[in-house]
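Visitor: I have a model here and would like to walk through it. Could you take my questions one by one?

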Amino acid sequence: MNQTSPQGSSPSAAAPRRRHLMDPNAPRKVPDPKDIERLQRVQRRVVSVLVITTILHLSAGFVIAADHVAADRTDARIGLNIIAAAFMVGGIAATLVINGRSWRSPWLALGLVPAIVGIWWTVL
């Protein structure tokens with residue numbers, strides 16, 4: 001079988017090199033360390049937002065679940081609200097660690113908000 005094009009010329013000589021392919025004669029320049037640092041900072045922020053949003057929804061789900069428990073099961077309602085607070089504190093701690101900060105922070109007190117709101121809403 002003949003591997004030449006219908007015009008008789010070689011396909012690689014006529015076609016320009018595609019930009020998405022590596023060109024051994026023109027290697028890519030080495031990325032600037034500041035660019036890599038900026039990229040990593042943005043990646044950490046995106047992951048932090050995803051973690052805190054997911055945990056916030058999970059905690060809200062526990063509070064809503066506590067509202068659907070029978071009225072005579074106050075212990076179960078309080079327990080679900082405490083679990084919601086524990087997840088929220090863990091999510092805030094994870095966000096702090098992802099961003100390179102110490103997990104021991106006053107921001108952890110913010111994780112108690114689902115428990116306070118949940119107990120006020122479901123028990124009181």
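Guide: Helices (H or I, at least four residues) and strands (E, at least two) are DSSP runs, numbered from the N terminus. This is a predicted model: local features need pLDDT of at least 70, side-chain atom pairs count only at pLDDT 80 or more, and totals for chains, interfaces and linings use all residues. Residues are numbered from 1 along each chain as its sequence is written, and side-chain values use heavy atoms, with hydrogens and water left out.

Visitor: In what order do the elements of the protein run from the N terminus on?
Guide: The protein has 4 helices and 0 strands. From the N terminus on, the order of elements is α-α-α-α.

Visitor: What percentage of the residues in the protein is buried?
Guide: Buried means under 20% relative accessible area, exposed over 50%, and partly exposed in between (1.4 Å probe, protein chains only). The protein has 124 residues, and the buried share of them is 19%.

Visitor: Among contacts between residues at least 6 apart in sequence, what percentage joins residues at least 24 apart?
Guide: Contact means heavy atoms within 4.5 Å. Of the contacts between residues at least 6 apart in sequence, the share joining residues at least 24 apart is 59%.

Visitor: Which residues does Met88 touch, not counting residues up to four places away in sequence?
Guide: Met88 is one of the residues of the largest nonpolar core. Not counting residues up to four places away in sequence, Met88 touches Ile52, Ile55, Leu56, Ser59, Gly111 and Pro114.

Visitor: Is Ser59 buried or exposed?
Guide: Ser59 lies in helix H2. Leaving aside neighbours within four places in sequence, Ser59 is in contact with Ala84, Phe87, Met88 and Pro114. The relative accessible area of Ser59 is 1%, so Ser59 is buried.

Visitor: How far apart in space are Ser59 and Gly91, C-alpha to C-alpha?
Guide: Ser59 and Gly91 are 32 residues apart in sequence. In space, C-alpha to C-alpha, the distance is 9.8 Å.

Visitor: Which residues is Thr95 in contact with, leaving aside its neighbours within four places in sequence?
Guide: Thr95 lies in helix H3. Thr95 counts as buried because its relative accessibility is 14%. Leaving aside neighbours within four places in sequence, its contacts are Ser48, Val51 and Ile52.

Visitor: Why do the buried residues of H4 line one face of the helix?
Guide: The buried residues in H4 are Pro114, Ala115, Gly118 and Thr122. The arc is that of the directions from the helix axis to the C-beta atoms. Seen down the axis of H4, the buried residues line one face because they fall within an arc of 95°.

Visitor: Which exposed residues sit on the face of H4 turned away from its buried side?
Guide: The cover over the buried residues of H4 includes helix H2 (33–67) and H3. The face turned away from the buried side carries the exposed residues Ile116 and Trp120.

Visitor: Which element gives the largest share of the nonpolar patch?
Guide: Helix H3 (74–98) and helix H4 (113–122) are the elements that give two or more residues. The largest share, 4 residues, comes from H4.

Visitor: How far apart are the closest N and O atoms of Asp35 and Arg38?
Guide: A salt bridge is a side-chain nitrogen of Lys or Arg within 4 Å of a carboxyl oxygen of Asp or Glu. Asp35 and Arg38 are separated by about one helical turn because they are 3 residues apart in helix H2. They form a salt bridge, and the closest N and O atoms are apart by 3.0 Å.

Visitor: Which residue forms a salt bridge with Arg73?
Guide: The structure holds 2 salt bridges. Arg73 is partly exposed, at 41% relative accessible area. With closest N and O atoms 3.2 Å apart, its partner is Asp75.

Key: Core = buried A, V, L, I, M, F, W, Y, C linked by side-chain atoms within 4.5 Å.
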